[in-house]
Amino acid sequence: VLRAFVPARLAMHGTEINMVDLQITPYEGGSLVHAFLGAFLMRLFGERYEVFSMLSLCYSIGFGVLLYYFMKIFFDKKAAVLSLILLALPPTFFTMCTLMVAGNITESCLLTLLIMFLLFKIIHSDRHGIFFYFIFGFVCGFSVWFHYVNLIVVVLSWAFLIRYKRKATF
């Protein structure tokens, strides 16, 4: 999150530098998303790094809410509550590893869950409107632009969708 703190301050105060040039890598737009969302939080609560650190908390809360909603719709309420309990009380080793590893862990999990939610919505809906496909494609494209590692999830979800819709084997 620290790597997007400077672009967030530049986004707040205005700059003559092109914001695309402030990406960490030219093919990864996640740092720009962090910068703009962090600038929004810093406008609300003041220009401190602690406020900018709340961004990870917002991603985690969004993941928890989306996980509960996903499990409640496609499974049942017991599964939703159990999944939130398992999310809140993770094993110690996993928690230590995610705190030591630098990267877009919570954001990638949130985008992956959003892709899975839309995939299930398309598969289980009676009407197959173009709206869900458009949103699904937009979220997949945003996910790959956010962090290139999400390409694995996007390719597998599209392959599953095509196979499910055609009822054919590869």
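The sections below move from the overall fold to a helix pair and then to individual residues.

## Overall fold

The model is predicted. Its protein chain contains eight helices and zero strands, and the order along the sequence is accordingly written α-α-α-α-α-α-α-α.

Of the 170 residues in the protein chain, 33% are buried. Among contacts in the protein chain with a separation of 6 or more, 62% join residues 24 or more positions apart.

## The pair α3 and α4

Helix α3 spans residues 49-74 and helix α4 spans residues 77-88; their axes come within 7 Å and cross at roughly 155 degrees. Angles over 145 degrees count as roughly antiparallel, and α3 and α4 are therefore roughly antiparallel to each other. Their crossing is right-handed.

On the α3 side, the contact is made by F63, G64, L67, Y68, M71 and K72. On the α4 side, K77, A79, A80, V81, S83, L84 and L87 take part. By residue class, the contact of α3 with α4 comprises nine nonpolar, two polar and two charged residues.

## F63 in helix α3

F63 belongs to helix α3 and is among the residues through which α3 contacts α4. Its relative accessibility is 17%, and because buried means under 20%, F63 counts as buried.

When neighbours within four places in sequence are set aside, F63 is in contact with L87, C109, L110 and L113. One of these, L87, is listed on the α4 side of the helix contact. F63 and T106 lie 43 residues apart along the chain, and their C-alpha atoms are separated by 7.8 Å.

## N150 between α7 and α8

N150 is located in the loop that links α7 (130-146) to α8 (151-166). Is this residue, N150, buried or exposed? With a relative accessibility of 3%, N150 counts as buried.

Apart from neighbours within four places in sequence, the contacts of N150 are S108, L111, T112, S143 and V144.

## Cysteines

How many disulfides does the structure hold? The structure has zero disulfides. A disulfide would be a covalent bond between the sulfur atoms of two cysteines.

How values were computed: Residues are numbered from 1 along each chain as its sequence is written. This is a predicted model: local features need pLDDT of at least 70, side-chain atom pairs count only at pLDDT 80 or more; totals for chains, interfaces and linings use all residues. Side-chain values use heavy atoms; hydrogens and water are left out. Helices (H or I, at least four residues) and strands (E, at least two) are DSSP runs, numbered from the N terminus. Buried means under 20% relative accessible area, exposed over 50%, partly exposed in between (1.4 Å probe, protein chains only). Contact means heavy atoms within 4.5 Å. A disulfide is a pair of cysteine sulfur atoms within 2.5 Å. Axes are lines fitted to C-alpha atoms, for helices over the stretch in contact, and angles run from 0 to 180 degrees between N-to-C directions. Angles under 35 degrees count as roughly parallel, over 145 as roughly antiparallel, 65 to 115 as roughly perpendicular and the rest as oblique. A crossing is left-handed if the near helix is turned anticlockwise from the far one by less than a right angle, and right-handed if clockwise. Ala, Val, Leu, Ile, Met, Phe, Trp, Tyr, Cys and Pro count as nonpolar, Asp, Glu, Lys and Arg as charged, and the others, Gly among them, as polar.
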